Amino acid sequence: MKILHISPELAPWSKAGGLGDAAAGLVKAIAGQGHDVRIATPLYGSVPDREKMTTLIESLTVDVSGDAAKAKCRVLQLKVAERCEAWFIEHAEYYGAREVYPAREDTAERAAYFGRAALDACLATGWIPDVIHCHDWTTGLVPVLLNHNLKNSALGRAASVLTIHNLQHQGLLSRRILAYLKLPESLFHADQLECFGGVNYLKGGILHATQVTTVSPTYAQEIQTGEYGFGLDDVVRRRSQDLDGILNGVDRDEWDPESDPHIAKKFSAKDIKGKADCKLDLQKQFNLKLDPKIPLIGVVSRLWDQKGLDLALGALPKFLRAGKIQFVLLGSGDAALENSFKKIAEDFPHAAAVRIGYDNGLSHRIEAGADFFLMPSRFEPCGLNQLYSMTYGTIPIVRATGGLADTVTPWSAGSKHGTGIVFNHADTPAIEWAIGQAIELFHLPKEFSAVKLNGMKTSFTWADAAASYIKVYKKSLKKA
Ligand code: ADP
Ligand code: GLC
């Protein structure tokens, strides 16, 4: 098959969260199974490796309305892996800034343009995919374009797949986008793209894609409920027959304690000694007391309400004050949350440390050096960090939601089974209970080491995910 992916993030060239990792892991694995893959993505100002890129299309006139000069872009290409190329859409005005999702007045056009550019690049080069796989809200209008403007084009027979990585972000934007993309005004209807007086990109994608997927089986169920549906649960339910939940994987090229260049000492399930050095190194870096005997809990996260870390604020001081845990956090996002975590670090200078910002190397050192990794998410479509944690022998403490529920099996006192500490409620007492469990487990050496190894033996691979996506592509081709 020929498969075109369209994604606003592609690690390591661009990444705001897990989507960057997921897109990269998936395209490489699909190509690895013998398919021909292209992935279109914007060339942000922060994208490295320009000198390695070649020109695929010097000047592409994208079929959008408005200023003719502004409709033009250049398309650069770069080999990602065998049979897998990235197509970078270069448009200085739309994507020249460094951020992936900046707050801008032209967010609607900026998102819509790269999807249409990806389709026009196919038409211009004659590389016509069988399946077009879209990721998240920015690409939601691509399936709509395929069903309308492009129906009678060479792309008219392509099937489309939309993967929802996160239903919270939908792209509820101005209706002027219909005219910009030359889509019919009849789509501005509650049964179609209209939502609260605007156009909802993700709603368009959910309704128009041949098949819809999300990133875990549990999240596929959750998003059909009012509690997790962010107002689109009825729309998702309309597609429930065409919806699959497929778990993400771990990209071993990036996340493997046996070969990770970012960590102090390499280690594996067979020889885990190096993990103790990684813990000491982390304590040193964060200026914490150098002590192998105290459980160290790590967090690497976007600081948004989704992640539930505000609920942890109430639980942590008690344990820090009693000298029962050390805590390190790397993250950024909501300013109030950033400040609250900074305050915890100030209050407990040798037991807690917080780094506000984005730092890939440090995120690897936290995964390697921590004993536990905390993810108290209110919702979590899949989550990658708990998978990385288990790979690095770091025991995840997670709330049983979405992909966290599907990937971490609960440990319970007195047993050597399970891969993590799992709790149910999104509130402070539940997190307090879970941290208490973690401390108890830490001080039971046999159980602690068994649960660590259970996690290291799990294997969530992109090859498995790719095989499931290929089944979805086959289903979609039968319908297209
Ligand atoms: P989400 O996509 O919702 O943010 P995931 O768990 O799927 O959650 O993926 C988050 C990814 O982003 C992980 O690879 C994580 O290590 C990374 N990440 C998040 N915040 C930071 C940060 N401040 N510095 C470095 N990496 C980060
Ligand atoms: C989203 C979700 C996260 C998921 C990631 C990659 O950002 O919040 O749970 O792992 O996408 O699919």
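**Two domains in a predicted model**

The domain assignment of the protein gives domain 1, covering 2–249 + 462–479, and domain 2, covering 274–457. The model is a predicted one.

Reader: What radius of gyration does the protein have, and why does it agree with a compact globule?
Author: Along the principal axes, the C-alpha atoms fill a box of roughly 65 × 45 × 40 Å. A compact globule with 480 residues would have a radius of gyration near 23 Å, so the protein agrees with that expectation, its own value being 23 Å.

Reader: What share of the 480 residues in the protein is buried?
Author: A residue is called buried when its relative accessible area is under 20%. The protein as a whole exposes about 18,500 Å², of which carbon and sulfur atoms supply 51%. Of the 480 residues, the share that is buried comes to 59%.

Reader: How far apart do the centres of the positive and negative side chains lie?
Author: The protein has 54 positive side chains and 54 negative ones.

Reader: How many helices and strands does the secondary structure of the protein come to?
Author: Among contacts with a separation of 6 or more, 73% join residues 24 or more positions apart. The secondary structure itself comes to 18 helices and 18 strands.

Definitions and conventions: Residues numbered from 1 in each chain as written. Chains lettered and ligands numbered in written order. Predicted model: local features only at pLDDT ≥ 70, side-chain atom pairs only at ≥ 80, totals over all residues. Heavy atoms only, no water. Helix = DSSP H or I, 4+ residues; strand = E, 2+ residues; numbered from the N terminus. Rg over C-alpha atoms; globule rule 2.2 N^0.38 Å. Buried < 20%, exposed > 50% of the residue type's maximum accessible area, 1.4 Å probe, protein only. Contact = heavy atoms within 4.5 Å. Areas by Shrake-Rupley, 256 points an atom, 1.4 Å probe, with all protein chains shown as cover. Lys, Arg positive; Asp, Glu negative; His and termini not counted. Charge placed at Lys NZ, Arg CZ, Asp CG, Glu CD. Domains from an automatic or database assignment.
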